Amino acid sequence: MADNGDEDSEYRIKVGDCVVLKRGDIFKAMQIQLGKKVIFEKQWIFLDKAVGQLYSTTFDIVSGGNLLPQKPKNADDASDAKEAGTDNRNIVDDGKSQKLTRDDIETLKEQGLKGQEIIQQLIDNSSTFRDKTEYAQDKYIKKKKKKYENTVTILKPSCRILAMMYHGREPGKICHLRYDTLAQMLTLGNVHAGSKVLVFETCAGLVLGSVMERMGGYGSVIQMYPGGGPVRAGMESFGFPAHFHDTLHEFPICHVNALLAGTLDTTDKHSSAVEKQSDQDKEKEQNQPKAEQAGEQQDGPEDPNMETVTAEEARVEKEKKEKEKRKEAKAQEKRMKLAAAVAQLEGRNADGLIIASRFHPSSVVMGLLKFLAPSRPFVIYSQYREALIECFTKLKEHGGTVNVRLTDTWLRHYQVLPNRTHPLLLMSGGGGYLLSGTTVATDTAKPSGSQRVEEPAAKRQKLTDTEG
């Protein structure tokens, strides 16, 4: 039984876990913290009662913002047992079929009735519900559930769920990358456990987190980032364990050319300046007691105000030194991370390259392809086709790649229900474009001109034999 409990604990919600709240088509990522108020869909809730429950559990939001797990529903609901009509043509939507007013519904809410009970009241007080067809009744109940049921489902974060969340709430942050396009990128990039993957993205860390999830904590991921530091908000929403972060390295994209040229200096100039400053501070400290002794001999007795000023100066000086120490520790950590990333890149034997950024991909991909080993895949995503067409042309001119393809993705949702399966009326207009290919080794030692000289000579000889 203990073993079963340990296995089950992986699927139960714990304090500190990163989770995704879901209601309908709305998602929101957050962390479980006891006693913390969380706002979701304009409503304050507490997640304390969710601790210990299984993921994908649906909760009712009761008074005080507390969560109460829903009981399993019976297959035969009271609403399903209602009589149904055969034709909707005689039903007139004049707004008079519902006997309950808005004030009556608000009174029911104040009395503490749950969403399902309010829906049942609406059904009982509707004069046209029994005349509707079975399909129309289901549609009516579904619409009222969306409006009156006060529920929330807690999900375990995954690549698909977070991609749907970002695409639904803030698509601009992930360059309008759709989840089916992201899945194709992971497949075309051959991302698997034990591989070494280069990732350059400006999608809030979503692509980076998806690659790390697919690799399962085995192998290494080198994140090439623009600007002063990497952005990993999306990756942190996955809630990876500590050993996943040990496989992650970071390298600034602005230093790629220096690394390829062999002129990159991993030592930080700031560290030598800090050491020089600390030596100067030590000399000042050694000279300060002597100056104080000389001042005491000259001035005679001490002034109380002078002691206060001296103590204040000492406190400020101490804070300054602590700040310098923290700054130096941070610089040292950054140098170590840079050295670790350089050690991963120097072999130029990466197993894959994935690019998804708002920058033009041509200059980026031509530099990063040099870190890939031969016969390795690369994938480039862009929201716009023109940028990838230019990149496609450059890759063809430069050589060293085969099977280069430019594709776009198309997605349509279907409603799958008995006797009413059909495509949904609304669908996504586009999921972006992908440029994929495979690297090959280029042999530049052999000149190709010798073969071209021999071929015309062979043709002339053949013509001479024919004339003779």
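Analyst: What follows covers the ground rules, then salt bridges, charged patches, backbone angles and a few single residues. This is a predicted model, in which local features need pLDDT of at least 70 and side-chain atom pairs count only at pLDDT 80 or more, while totals for chains, interfaces and linings use all residues. Residues are numbered from 1 along each chain as its sequence is written, and side-chain values use heavy atoms, with hydrogens and water left out.

User: Salt bridges to begin with. How many turn up in the whole structure?

Analyst: The search finds eight. A salt bridge here is a side-chain nitrogen of Lys or Arg within 4 Å of a carboxyl oxygen of Asp or Glu. Side chains of opposite charge can pair when their charged atoms come close.

User: What does Glu 250 pair with?

Analyst: Glu 250 forms a salt bridge with Arg 232, at 2.8 Å from N to O. The pair links distant parts of the chain, 18 residues apart: Glu 250 is in strand E10 (residues 248-252), and Arg 232 is in the loop between strand E9 (220-225) and helix H8 (233-236). Helices (H or I, at least four residues) and strands (E, at least two) are DSSP runs, numbered from the N terminus.

User: Are Glu 250 and Arg 232 buried or exposed?

Analyst: Both Glu 250 and Arg 232 are buried. Buried means under 20% relative accessible area, exposed means over 50%, and partly exposed is in between (1.4 Å probe, protein chains only).

User: And which residue does Arg 335 bridge to?

Analyst: Arg 335 bridges to Glu 328, with the closest N and O atoms 3.4 Å apart. Arg 335 counts as buried because its relative accessibility is 14%.

User: How far apart are Glu 333 and Lys 337 in the helix?

Analyst: They are four residues apart in helix H12 (residues 304-345), so about one helical turn separates them. Glu 333 is partly exposed at 44% relative accessibility, and Lys 337 is partly exposed at 36%.

User: Changing topic. Which residues make the patch of positive charge?

Analyst: Arg 102, Lys 109, Lys 139, Lys 143 and Lys 147 gather there, on the surface. Patches are made of residues with over 30% relative accessible area and no salt bridge; like charges are joined within 9 Å, and nonpolar side chains (Val, Leu, Ile, Met, Phe, Trp, Tyr) within 5 Å. Lys and Arg count as positive and Asp and Glu as negative, with His and the chain ends not counted. A charge is placed at NZ of Lys, CZ of Arg, CG of Asp or CD of Glu. The areas come from the Shrake-Rupley method with a 1.4 Å probe, and for residues only the protein chains shown count as cover.

User: Which helices supply it?

Analyst: Helix H2 (102-110) and helix H4 (134-148) each give at least two residues. The largest share, three residues, is from H4. Arg 102 belongs to H2 and is exposed, with a relative accessible area of 68%.

User: Which residues form the negative patch?

Analyst: Asp 103, Asp 104, Glu 106 and Glu 110 gather on the surface as a patch of negative charge. Glu 110 lies in H2 and counts as exposed at 69% relative accessibility.

User: Now the angles. What is phi of His 176?

Analyst: Phi of His 176 is near 55°, a positive value in a residue other than glycine. Most residues other than glycine have a negative phi. His 176 is in the loop between helix H5 (159-169) and H6, partly exposed at 34% relative accessibility.

User: What about phi of Ala 204?

Analyst: Phi of Ala 204 is near 60°, also positive in a residue other than glycine. Ala 204 sits in the loop between E8 and H7 and is buried, at 12% relative accessibility.

User: How many residues of H7 are buried?

Analyst: Eight of the ten residues in H7 (residues 206-215) are buried, among them Leu 206, Val 211 and Met 215. Just after H7, Gly 216 has a positive phi of about 70°.

User: Last one. What does the side chain of Ser 195 reach?

Analyst: The side chain of Ser 195 reaches the backbone oxygen of His 192 at 2.7 Å. Ser 195 is in the loop between helix H6 (179-188) and strand E8 (196-201), and is buried with a relative accessible area of 2%.

Technical notes. Polar contact = N/O pair within 3.5 Å; in protein donor to acceptor, adjacent residues only side chain to side chain.
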